[in-house]
Amino acid sequence: MVIGLSGGVDSSLVATIAVDALGAENVVAVAMPSRYSSQGSLSDAGLLAQNLGISLMNIPIEKVFQAYLDLLAGPFSGIESGTAEENIQARIRGNLLMALSNKFGWLVLATGNKSEMATGYTTLYGDMAGGFSVIKDVPKTMVYKLARYRNSVAGMELIPPSVLAKTPSAELGPDQRDTDTLPPYELLDSVLTAYVEEDKSVEQIIRQGVDPEVVKKVARLVDASEYKRRQAPPGVKITTKAFGRDRRLPITNKFRG
Amino acid sequence: MGSVHRLRVAMAQINATVGDFDGNLKKIIEAIEQARSLGADLVTFPELALCGYPPEDLILKPQFVSDNQKYLGRVVRASSGLSVVVGFIDGRDGPYNAAAIIHDGKLADIYHKICLPNYGVFDENRYFQSGKGCPVYVVAGVGVGVNICEDIWHEDGPVSAQASSGAGVIVNISASPYHYGKAEYRKKTLARRARDNGVIIVYNNLVGGQDELVFDGNSLVIDAKGRLLAQGRQFTEDLVLVDLDVEPVAGTGGSTPTGGREQWPTARVVVSELPSPKPNRRYPGGSLVEAMTLLLKSITPWCWAPATMSTRMVLVKWLLVSPGALIPAW
């Protein structure tokens with residue numbers, strides 16, 4: 001098994017589950033820092049690998065990233081840097097993990113959670129690359145609960161407390177935070193539960209007292225991401241309604257409600 | 001009240017793999033042999049245990065269905081001295097999601113699943129015909145209603161028809177996938193079903209990972225008052241042994257069921273009349289991360305040696321429950 005370890009809570013939990021399932025000797029972690037990776041994330045990834053007893057490769061992607069930017073400098077000239085540049089980093093990482101997979105016969109574990117899969121806050125052919133997506137049906141708020149639970153079972157801080165304490169960030173741009181794009185996860189997950197698992201309408205969720213703009217935005221993100229989810233690796237059903245066989249929605253869909 | 005018959009049941013909660021007929025047969029035969037050595041009258045297996053669940057469009061391949069029937073013949077040949085209920089695909093005029101009722105080297109009958117789930121992750125109307133009858137089998141003198149997974153979740157389903165036609169024990173073979181909170185839901189619903197119908201429920205679930213699903217085991221035996229008698233382990237294979245004290249089946253059966261909406265004929269089929277002699281001996285006395293771990297293991301066979309039968313021997317349980325329950329303190 002090979003896992004891209006960012007120092008965030010999702011990849012930390014997936015690495016921990018992989019070690020529990022297969023033993024430390026069958027799990028390899030890879031840190032692939034870019035210019036936007038924080039020092040804290042790198043040291044957290046190192047500490048987690050040490051706690052789990054797994055080997056950690058370090059493959060900085062700066063040179064490749066710069067080569068991409070140079071290559072695209074012509075076509076991209078005059079256009080502000082944004083999602084395209086962010087996703088290039090995720091795709092370089094996906095590419096490297098797949099190279100390791102081919103070379104050594106390792107299965108790539110994707111580390112996206114359900115909140116990301118729902119809203120499309122994930123990069124197709126980037127962090128979505130992989131053979132199996134362990135926590136794709138685990139909402140982000142539950143990811144934190146599971147990480148804390150695992151630490152309590154271990155009787156130690158297996159997953160470093162700084163991983164659990166830090167503000168969630170994809171670290172694909174300067175000073176980026178998940179909340180730049182998404183509502184706070186507590187709020188997001190409650191809307192997702194209503195919209196995805198309970199099939200409630202936008203109107204019904206607004207009547208529950210949620211900010212109408214938040215509900216509309218989340219619903220739009222969920223609907224627009226169907227094409228991404230169809231291309232996602234399989235993962236374990238955990239909730240009452242998982243994406244995939246459990247929830248079959250059209251990609252071509254003009255229904256808003 | 002007539003003399004009570006003691007039915008010794010072994011529930012084999014096995015990790016069957018889709019399409020692995022050799023591997024599944026091996027697990028089934030090992031469990032039969034173990035059950036026989038423990039003096040069981042009846043050994044049960046999960047839904048479609050022979051071919052794995054869910055086989056999806058493999059069912060559309062005639063070779064898959066005929067292979068599965070060929071392997072059923074091997075189970076029949078391995079069944080000397082006891083009764084077996086095992087899930088397989090009955091391809092004749094079907095296909096049907098079926099349970100073979102086998103006794104002492106002979107196929108006694110085949111039950112066809114009546115309630116086919118077609119919601120959530122399930123697609124059974126795509127593959128299977130619906131069964132048309134739910135007989136009561138006489139096993140070691142006891143009335144046993146066999147049904148399959150979804151059949152037991154319907155209040156007016158086969159359970160009430162079988163109970164009102166003389167079944168004292170319901171054997172439900174199942175492949176019920178995990179989701180958060182499901183185990184409690186099952187326990188609650190099955191306890192109500194047992195109470196409402198005055199039957200003991202032997203609920204044999206599958207265990208193991210299959211693509212995106214995790215079957216969590218947690219097989220249950222619930223008495224006629226809705227009390228938990230025994231429970232299979234979560235996320236791992238198990239063989240659960242229980243003794244059930246049941247009144248012998250009364251009447252001749254085959255009556256038209258009364259009450260409820262049930263409309264299936266409930267013929268009486270004698271599988272075995274006399275309780276088999278039991279050895280006079282004592283036997284030794286049942287989370288999310290685990291579900292994900294199990295599925296990871298299932299997709300990486302090169303990293304994981306499946307539990308051997310000798311390991312599972314250790315898991316054999318003898319659950320002594322509160323006084324007054326059906327399991328006797330020997």
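Of the 330 residues in chain B, 49% are buried, a residue being called buried if 20 or more other C-beta atoms, placed from the backbone, lie within 10 Å of its own, exposed if 12 or fewer do, and partly exposed in between. The structure is a predicted model, in which local features need pLDDT of at least 70 and side-chain atom pairs count only at pLDDT 80 or more, whereas totals for chains, interfaces and linings use all residues. Residues are numbered from 1 along each chain as its sequence is written, and chains are lettered from A and ligands numbered from 1 in the order in which they are written.

Chain B contains six helices and 16 strands, where helices (H or I, at least four residues) and strands (E, at least two) are DSSP runs numbered from the N terminus. Seven of its strands form an open sheet with mixed pairing in the order E13-E12-E9-E8-E7-E6-E15, two strands being paired if DSSP finds at least two bridges between them. Strand E13 (228–231) and strand E15 (268–272) of chain B stand at the edges with a single partner strand each, so one side of each has no neighbour in the sheet. The twist from one strand to the next averages 20°, with axes taken as lines fitted to C-alpha atoms, for helices over the stretch in contact, and angles running from 0 to 180 degrees between N-to-C directions.

Within this sheet, strand E6 (residues 136–139) and strand E7 (residues 142–148) of chain B are antiparallel and share four bridges, and Val136(B) has Gly145(B) in E7(B) as its bridge partner. E7(B) is in turn parallel to E8(B), with five bridges between them, and Val144(B) lies opposite Val169(B) of E8(B). Together with helix H3 (residues 158–163) of chain B, E7(B) and E8(B) make a right-handed β-α-β unit; right-handed here means that, with the strands pointing away from the viewer, the path from the first strand over the helix to the second runs clockwise. E8(B) is also joined by five bridges to the parallel strand E9 (residues 200–204) of chain B, and the chain passes between E8(B) and E9(B) through helix H4 (residues 182–197) of chain B in another β-α-β crossover, which is right-handed.

Strand E8 (residues 169–173) of chain B is mostly covered, with five of its five residues buried. In a regular strand the side chains alternate between the two faces of the sheet. Val169(B), Val171(B) and Ile173(B) point one way from E8(B), while Ile170(B) and Asn172(B) point the other way.

In chain A, an open sheet of three strands has parallel pairing and the order E1-E2-E3. Strand E1 (2–4) and strand E3 (55–58) of chain A are the edge strands, each pairing on one side only. Three bridges connect E1(A) with the parallel strand E2 (residues 28–31) of chain A, and four bridges connect E2(A) with E3(A), which also run parallel. From E2(A) the chain reaches E3(A) through helix H2 (residues 39–52) of chain A, in a right-handed β-α-β crossover.

The largest nonpolar core has 151 residues, and those with the most contacts inside it are Ala15(A), Val86(B) and Val169(B); such a core is a set of buried Ala, Val, Leu, Ile, Met, Phe, Trp, Tyr and Cys residues joined through C-beta atoms within 7 Å. Helix H1 (residues 9–22) of chain A contributes the largest share of this core, eight residues.
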